[in-house]
Amino acid sequence: MHAPLLQLLDVLLAVLALALGWAAVSSRDLKRSVVFFIAFGLLLAIVWARLGAPDLALAEAAIGAGLSGALLLSALRDEPETEAGSDLMQGPLATLISVLCLALTAVFAWVLWQTLGSADSARMADRILEELPGTGVSNPVTAVLLNFRAYDTLLELAVLLAAVLGITALGPARPSFRAAGALFDGLVRWLVPLLILTAGYLLWAGAHAPGGAFQAGAMLAAAAVMLRLGGRAGGGPPQPRVMRSVLASGIAAFLLVGIITMVSGKAFLEYPQAWSGTLILFIETAAMIAIAATLALAYIGGRPADWESEVVTSAVTKTRERR
């Protein structure tokens with residue numbers, strides 16, 4: 001009885017995903033495209049939940065739909081209105097791009113079909129579950145990200161740090177929104193503490209349930225976005241010196257743990273089994289803070305106030321002391 005209904009739900013999700021994806025890339029109105037993109041991200045979160053991947057569902061809802069949508073809307077805030085006729089994606093060019101996309105989709109579908117047909121019966125998931133007891137955590141996703149392939153996660157944090165350089169190169173941050181009204185201000189007062197508590201829970205639960213540093217960092221960044229939308233004076237990033245330390249904390253924690261493991265006679269990031277859970281929690285805590293700071297910095301869209309002046313003042317002070 002339930003199987004046909006679930007199959008019907010899967011078909012509807014697939015059709016809606018294709019429809020919203022096409023609407024997001026084909027609309028001539030940028031703001032409408034962003035709305036379609038946010039709806040597409042929320043739908044993908046439902047798809048991931050239907051596929052039994054709650055970690056990806058949380059990440060998609062928080063980052064793919066929420067924060068990415070907020071970033072796009074913030075970028076469009078100061079954009080001038082464009083006329084419908086000024087859109088370049090029309091006529092023969094739009095048709096050519098559509099044909100190329102369909103051809104690429106067909107190639108990917110063929111590759112997936114051939115891969116599934118010739119795949120080995122031994123699944124990677126089975127191997128991960130066999131080695132899970134020695135990782136210090138019981139959540140296989142956390143074990144993969146922070147133990148089995150910790151190098152990849154370290155490089156992902158390095159990519160985020162490189163993105164910070166691009167964000168600060170854009171210029172000064174956008175001005176904050178004006179103070180919110182009573183209704184939205186009350187919502188911010190209630191929602192921000194709940195987001196912070198949820199972030200803490202996701203970080204702690206990541207060792208044995210869906211969650212972890214990326215999902216928790218997205219929740220903290222969402223709290224920062226809510227404060228900025230509400231026009232709170234203290235809702236921006238911390239002081240520049242603290243902000244730089246926070247942004248580098250994720251990579252610093254990884255490197256510190258790696259050096260400690262090497263000094264103790266093991267390979268780089270080869271955790272001792274007795275301390276693996278504690279070390280993973282330490283790395284995830286630092287990564288959560290760094291991810292939240294990076295996403296919040298991306299939302300404000302540039303260098304915070306006094307980003308360079310503190311460095312200049314410090315340099316001038318040191319020069320005077322030397323003299």
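Predicted model: local features only at pLDDT ≥ 70, side-chain atom pairs only at ≥ 80, totals over all residues.

Two residues are said to be in contact when heavy atoms of theirs lie within 4.5 Å. In that sense, the buried residues of α7 pack against α6, α9, α10 (240-247), α11 and α12.

**The chain as a whole**

The protein chain holds 13 helices and zero strands. Of its 323 residues, 32% are buried. When contacts between residues at least 6 apart in sequence are considered, 75% of them join residues at least 24 apart.

**The aromatic pair**

How many aromatic pairs does a search of the whole structure find? The search finds one. Its members are Y151 and F268, whose ring centres are 5.8 Å apart and whose planes stand at 45°, so the pair is tilted; planes would have to be under 30 degrees apart to count as stacked, or over 60 to count as edge-to-face. Y151 belongs to helix α7 (residues 150-168), whereas F268 sits in the loop between α11 (249-263) and α12 (276-300), so the pair ties together parts that are 117 residues apart in sequence. Y151 is partly exposed at a relative accessible area of 48%, and F268 is likewise partly exposed, with 21%.

Helix α7, with 19 residues, reaches 28 Å from its first C-alpha to its last, which is close to the 27 Å expected at 1.5 Å a residue. Its buried residues are A150, T153, L154, L157, V164, I167 and T168. They cover an arc of only 125° around the axis, which puts them on the same side of α7. An α-helix has 3.6 residues a turn, so residues three or four places apart point the same way. On the face of α7 that is turned away from the buried side are the exposed residues L155, V159 and L165.

Helix α11 has 15 residues and reaches 21 Å between its first and last C-alpha, close to the expected 21 Å. Its buried residues are S249, G250, I251, A253, F254, V257, G258 and T261, and what covers them includes α6, α7, α10 and α12. M262, also in helix α11, is partly exposed at 49% relative accessibility; leaving aside its neighbours within four places in sequence, M262 is in contact with A267 and F268, and F268 is a member of the aromatic pair.

**The loop between α11 and α12**

α11 is followed by G265, which has a positive phi, near 100°. K266 lies in the loop between α11 and α12 and, beyond its neighbours within four places in sequence, is in contact with T261, Y271 and P272. L269 is found in this loop as well, and its phi is positive, about 65°, although L269 is not a glycine.

| Residue | Relative accessibility | Class |
|---|---|---|
| Y151 | 48% | partly exposed |
| M262 | 49% | partly exposed |
| K266 | 34% | partly exposed |
| L269 | 6% | buried |

**The nonpolar core**

Which residues touch the most other members of the largest nonpolar core? Of its 37 residues, they are F254 and Y271. The elements that contribute two or more residues to this core are α3 (54-77), α6 (140-148), α7, α8 (182-205), α9 (213-229), α11 and α12. The core draws at least three residues from each of domain 1 (1-84) and domain 2 (137-317).

Apart from this core lies another, of nine residues, among them M243, L247, L297 and I300.

F254 brings several of these parts together. Leaving aside its neighbours within four places in sequence, F254 is in contact with L146, A150, T153, L154, L157, F268, L269, Y271 and I283.

Note on methods:
Residues numbered from 1 in each chain as written. Heavy atoms only, no water. Phe/Tyr/Trp six-rings, centres within 6.5 Å; stacked < 30°, edge-to-face > 60°. Helix = DSSP H or I, 4+ residues; strand = E, 2+ residues; numbered from the N terminus. Buried < 20%, exposed > 50% of the residue type's maximum accessible area, 1.4 Å probe, protein only. Core = buried A, V, L, I, M, F, W, Y, C linked by side-chain atoms within 4.5 Å. Domains from an automatic or database assignment. Expected span 1.5 Å × (residues − 1). Arc of directions from axis to C-beta.
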